[in-house]
Amino acid sequence: MRQWQGNSIYFGGDYNPEQWPEETWPEDVDLMRRAGVNLVSVGIFSWALLEPTPGRFEFGWLDRVLDLLHDGGIQVDLATATASPPPWLARAHPETLPRRADGTILWPGGRQAYCPSSPVFRERSLELVRAVAGRYAEHPAVVMWHISNELGCHNVHCYCDVSAEAFRGWLRERYGDLDRLNDAWGTAFWSQRYGDWAEINPPRTVTAFANPTQQLDFLRFSSEELRAQLRAEREVLRTLVRQPITTNFMIGMGVKHMDYQSWASDVDLVSNDHYMTAADPQAHLGLALAADHTRGVAGGDPWLLMEHSTSAVQWQPRNVAKLPGQLRRNSLAHVARGADGVLFFQWRASRAGAEKFHSALVPHAGPDTKVFREVCQLGADLKALAEIRGSRVDADVAILFDWEAWWAVELDSHPSVDVTYADRMNALYGSLWRAGVTADVVHPSADLSGYRLVLVPTLYLVRDADVAALHRYVEAGGTAAVTYFSGIVDANDHIRLGGYPGAFRELLGVRTEEFFPLREGEKVRLDDGSTADVWTEWVHPDGAEVLASYTDGPLPGVPALTRNQVGDGAAWYVGTRLDEPATDRLVARLLAETGVRPAASAPPGVEVVRRRDGDRTWLFAINHTDTEVRLPAHGVELLTGGHCAGELALPAGEVAVVREDRT
Ligand code: GAL
Ligand code: ZN
């Protein structure tokens with residue numbers, strides 16, 4: 001790992017000066033200095049300008065941009081510029097264009113129009129990386145390298161013939177011989193048996209449900225193909241540059257198809273892009289979950305927020321702008337949860353093109369605006385927080401998350417379309433958030449020994465080794481809570497026989513003989529007063545204690561919530577979809593049983609998180625309500641310079657960061 005943090009928290013954004021006449025550039029740098037910007041990402045979508053015709057490079061403009069930034073004291077995260085190929089590539093090599101499952105070609109004119117498996121794309125893009133890195137490796141402005149951009153954002157699944165051939169190659173590697181593939185895919189059913197590798201295709205548009213394991217393997221393959229692009233670019237960079245290397249992930253926001261957990265080992269620092277779902281009044285919970293997940297992917301290390309927005313985006317149906325104060329709350333919530341840098345898309349709002357209505361640090365109306373004033377304020381805030389750089393985040397709770405489990409659980413032909421991966425994840429996370437408790441979102445194979453409580457939402461596909469590790473964790477005194485439709489299949493998406501929840505039967509001390517999914521809108525009640533919907537199942541206790549049972553619905557009297565004592569710990573099973581108050585009560589019970597405390601006892605709507613570096617700690621408090629609140633705190637309030645002796649008064653919508661006195 002190369003060291004990536006400088007002397008301050010990074011602050012800035014994507015800088016796309018090629019959209020503007022050169023006379024604008026000095027003013028850009030002046031404004032950046034005024035705002036306290038210290039890092040900009042340059043060249044992300046510059047391929048067509050850097051290589052206007054095949055093999056002929058034009059670096060003059062980029063030389064001048066980088067020199068100007070350096071003279072102004074602004075550091076650069078330089079892109080490899082491979083994110084979107086120029087139109088000439090598709091003209092010369094139409095086979096590089098991606099195809100949908102139904103054969104539709106995706107043409108140039110948007111962005112990222114390339115097949116991830118195309119050897120032509122690979123070769124041309126690496127040539128560009130060599131040229132850019134060779135030229136700027138020693139440029140004093142460059143402190144970081146940015147591979148491509150949001151790999152897979154638009155082109156993760158390509159069904160073209162080139163991809164089909166690559167998929168066959170990947171399958172040969174995975175299975176070695178066709179018998180093993182036929183077994184794994186269960187092709188004995190529906191006359192699907194393959195007699196020759198050449199008969200196999202990606203799961204293109206079919207008459208009925210496509211083979212589930214074929215679908216799952218194609219999702220694995222597709223994530224790996226893009227990861228291969230990341231690794232290929234990184235290998236070229238490694239030989240030419242010494243600065244740390246990253247690429248921007250899209251953790252959160254429902255981005256499903258890149259297994260970032262596996263990609264994380266390919267970068268020197270994890271960076272992430274996050275945009276608010278403007279229509280959701282609770283979008284700050286989604287932000288918090290995305291940030292906690294990014295930290296989990298980063299193994300708990302600090303990470304970089306590579307993109308977010310100062311205000312509205314332009315790609316949602318109704319692009320709600322951020323009210324005064326929201327920019328600050330959003331940015332500092334990422335910092336609270338481990339970001340050591342806060343960058344945005346983009347520096348200056350475009351006047352043309354698809355993103356001209358997307359907010360920026362400098363809006364169309366110029367610097368005399370709410371947005372630019374808040375940007376300057378944030379720059380000052382981040383300066384005041386420089387000392388927290390490198391610290392980590394306190395968390396006693398882990399939530400298990402696995403991209404493969406997500407892919408598998410949302411395949412078609414399942415018991416209920418209402419069972420989605422995000423659903424229980426968000427529900428449990430929401431309860432923790434409301435309780436002021438921070439969670440690490442980690443892979444099932446992560447070391448769990450440091451956690452008091454482990455939550456396991458909808459882990460439909462799970463590996464034996466991870467089940468065994470969870471079992472050992474509980475036996476040694478840990479507490480785990482597993483929700484329905486977990487442990488159902490193995491890595492091939494084959495049912496674990498003998499009763500559900502398959503892999504977790506023994507740990508949970510229950511055996512389910514049949515699922516009873518509910519009709520749309522149907523609700524059931526439990527004898528502890530809870531209400532639930534979507535899912536019920538015929539659970540038989542097999543060692544577990546019954547905590548609540550149904551009083552109505554298809555299964556009156558059948559257990560819905562159980563607890564199994566295992567060694568020194570306990571494993572809870574939640575067999576139905578509890579509503580929000582019931583989930584809050586369940587989580588409160590789990591927190592009480594495990595002795596997990598909030599970062600501070602704060603009123604509802606106030607987000608509290610603690611960062612720590614050895615015995616130095618900082619308490620972040622973010623007031624999402626419209627009234628002033630008070631909470632206990634001791635120490636120096638870094639954003640105001642004030643001192644709190646026991647109590648912090650936090651005005652509506654404000655953020656405080658307290659360097660806590662050691663007590
Ligand atoms: C990201 C992308 C940026 C910009 C931004 C707009 O997906 O990396 O280039 O398009 O979204 O929100
Ligand atoms: Zn393809």
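Colleague: What sits over the ring of Trp20?

Modeller: The charged end of Arg348, at 5.7 Å from the ring centre. Keep in mind that this is a predicted model.

Colleague: Noted. How many aromatic pairs does the structure hold?

Modeller: It holds 32 of them. One is Phe57 with Phe59: the ring centres are 5.7 Å apart and the planes meet at 5°, so that pair is stacked.

Colleague: Where do Tyr159 and Phe218 lie in the fold?

Modeller: Tyr159 is in the loop between β4 (142-146) and α6 (161-175), and Phe218 is in helix α8 (residues 212-240). The pair therefore ties together parts that are 59 residues apart in sequence.

Colleague: Which residues do ring pairs link with those two into a cluster?

Modeller: Besides Tyr159 and Phe218, the cluster takes in Phe167, Trp170, Trp185, Tyr194 and Phe221.

Colleague: Which polar side-chain atoms lie 2.8 Å from an oxygen of ligand 1?

Modeller: One belongs to Asn149 and another to Trp315. Arg111 also has a polar side-chain atom 3.1 Å from a ligand oxygen.

Colleague: How much of ligand 1 does the protein bury?

Modeller: Taken alone, the ligand exposes 310 Å², and the protein buries 95% of that.

Colleague: Now the sheet. What is the strand order?

Modeller: Nine strands form an open sheet, ordered β5-β4-β3-β2-β1-β9-β8-β7-β6, with parallel pairing.

Colleague: Which strands stand at the edges?

Modeller: β5 (245-246) and β6 (248-249). Each has a single partner strand, so one side of each is left without a neighbour in the sheet.

Colleague: And how many bridges join β1 to β9?

Modeller: Four, between β1 (residues 10-15) and β9 (residues 339-344), which run parallel.

Colleague: What is the bridge partner of Phe11 in β9?

Modeller: Val342.

Technical notes. Residues numbered from 1 in each chain as written. Chains lettered and ligands numbered in written order. Predicted model: local features only at pLDDT ≥ 70, side-chain atom pairs only at ≥ 80, totals over all residues. Heavy atoms only, no water. Phe/Tyr/Trp six-rings, centres within 6.5 Å; stacked < 30°, edge-to-face > 60°. Helix = DSSP H or I, 4+ residues; strand = E, 2+ residues; numbered from the N terminus. Lys NZ or Arg CZ within 6 Å of the ring centre and 35° of its normal. Polar contact = N/O pair within 3.5 Å; in protein donor to acceptor, adjacent residues only side chain to side chain. Areas by Shrake-Rupley, 256 points an atom, 1.4 Å probe, with all protein chains shown as cover. Pairing = 2+ DSSP bridges.
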